[in-house]
Amino acid sequence: MKPVERAAVQFEKLPGVGIKTAKKLAYALLMFDKRDVDVFCDEIAAAKDALKLCRVCGNFSEGDVCEICAASVAYSADTAPKRDGSIVCVVEHPKDIAAIERGRYYKGVYYVLHGLISPTNLKLPKDLNIKGLLERENLTSIREIILATPPTLDGEATARYVTAELLAANITARITRLAYGMSVGGSFDYADDDTLSYAFKNRNTLE
Ligand SMILES: [Zn+2]
């Protein structure tokens, strides 16, 4: 295999990158000075090494607990926490948190499943990070759990499964699901910020 093709194979692993774009990126990178290619590769490896998952919610985090979870704790008796720890939004990936945070309308905290239940991709409930949600420390004081998995078959199946598990755990929280409207079949990647904010404001109670 030619050197450019070898580099292109790596770029093609990225989401949304086809062989044409992969080759374009490979050519561009290989035009860099050798030193800049090293920086490029080293920085990505260093980012991967530094990446941890928040022990509370599973979001990407630099420390043991992510910034959002940390902001749901009051630092002293007379300061209110910046985030409401009694509302938990359940998402598929950390990137969904980034999409919701862009809108600045949500002030609760999150929980990341790291995947969806999928019969076609042979993903079972045990492959997801559901346990941490059911074993969450403040589970009994949670007022609302928002299921924000995507409006796809897998996303709906996952929302139904998590709801059943939460009900079986006798939680008292209201369980809600985003109202996706027009974006049915898509995911947060394709939903614009207005669609997502609409979906949040018009969320429905399940049960
Ligand atoms: Zn967290």
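Q: Which domains is the chain divided into?
A: In this predicted model, the chain is divided into domain 1, covering 3–50, and domain 2, covering 73–205.

Q: And how far apart do the C-alpha centres of domain 1 and domain 2 lie?
A: The C-alpha centres of the two domains are 33 Å apart.

Q: Let's switch to the metal: which residues are the protein donors of the zinc ion?
A: The donors are the SG atoms of Cys 54, Cys 57, Cys 66 and Cys 69, which lie 2.2 to 2.3 Å from the zinc ion, and along the chain they follow the spacing C-x2-C-x8-C-x2-C.

Q: What about the angles among the 4 donor atoms?
A: Those angles are 106 to 115°, and the site of the zinc ion is tetrahedral. For comparison, the ideal angle for four tetrahedral donors is 109.5 degrees.

Q: Is Cys 54 buried or exposed?
A: Cys 54 has a relative accessible area of 4%, so it counts as buried, the limit being under 20%. Cys 57 is buried as well, with 2% relative accessibility.

Q: Where does Asn 59 lie?
A: Asn 59 is in the loop between β1 (52–53) and β2 (60–61), and it is buried, with a relative accessible area of 9%.

Q: Now the core: how many residues has the largest nonpolar core?
A: The largest nonpolar core has 40 residues, and those with the most contacts inside it are Cys 89, Val 91, Ile 100, Tyr 106, Tyr 110, Ile 145 and Leu 178. The elements giving two or more residues to this core include β3 (84–91), α5 (94–103), β5 (144–147) and α7 (153–168), and the largest share, 5 residues, comes from β3.

Q: Which residues does a second, separate core include?
A: That second core has 8 residues, including Val 4, Ala 7, Ala 8 and Ala 22.

Q: Back to Ile 145, what is it in contact with?
A: Leaving aside its neighbours within four places in sequence, Ile 145 is in contact with Val 88, Val 90, Leu 166, Ile 171, Ala 173, Arg 174, Ile 175 and Thr 176.

Q: In what order do the strands form the open sheet?
A: The order of the 5 strands is β4-β3-β5-β6-β7, with mixed pairing, and the edge strands are β4 and β7 (204–205), each of which pairs on one side only. Within the sheet, β5 and β6 (residues 174–177) run parallel and are joined by 4 bridges, and Glu 144 stands opposite Arg 174 in β6.

Technical notes:
Residues numbered from 1 in each chain as written. Predicted model: local features only at pLDDT ≥ 70, side-chain atom pairs only at ≥ 80, totals over all residues. Heavy atoms only, no water. Donors = N, O, S within 2.8 Å, 3.2 Å for Na, K, Ca; no water. Tetrahedral: all angles 85-135°; square planar, octahedral: opposite > 155°, others 65-115°. Buried < 20%, exposed > 50% of the residue type's maximum accessible area, 1.4 Å probe, protein only. Domains from an automatic or database assignment. Core = buried A, V, L, I, M, F, W, Y, C linked by side-chain atoms within 4.5 Å. Contact = heavy atoms within 4.5 Å. Pairing = 2+ DSSP bridges.
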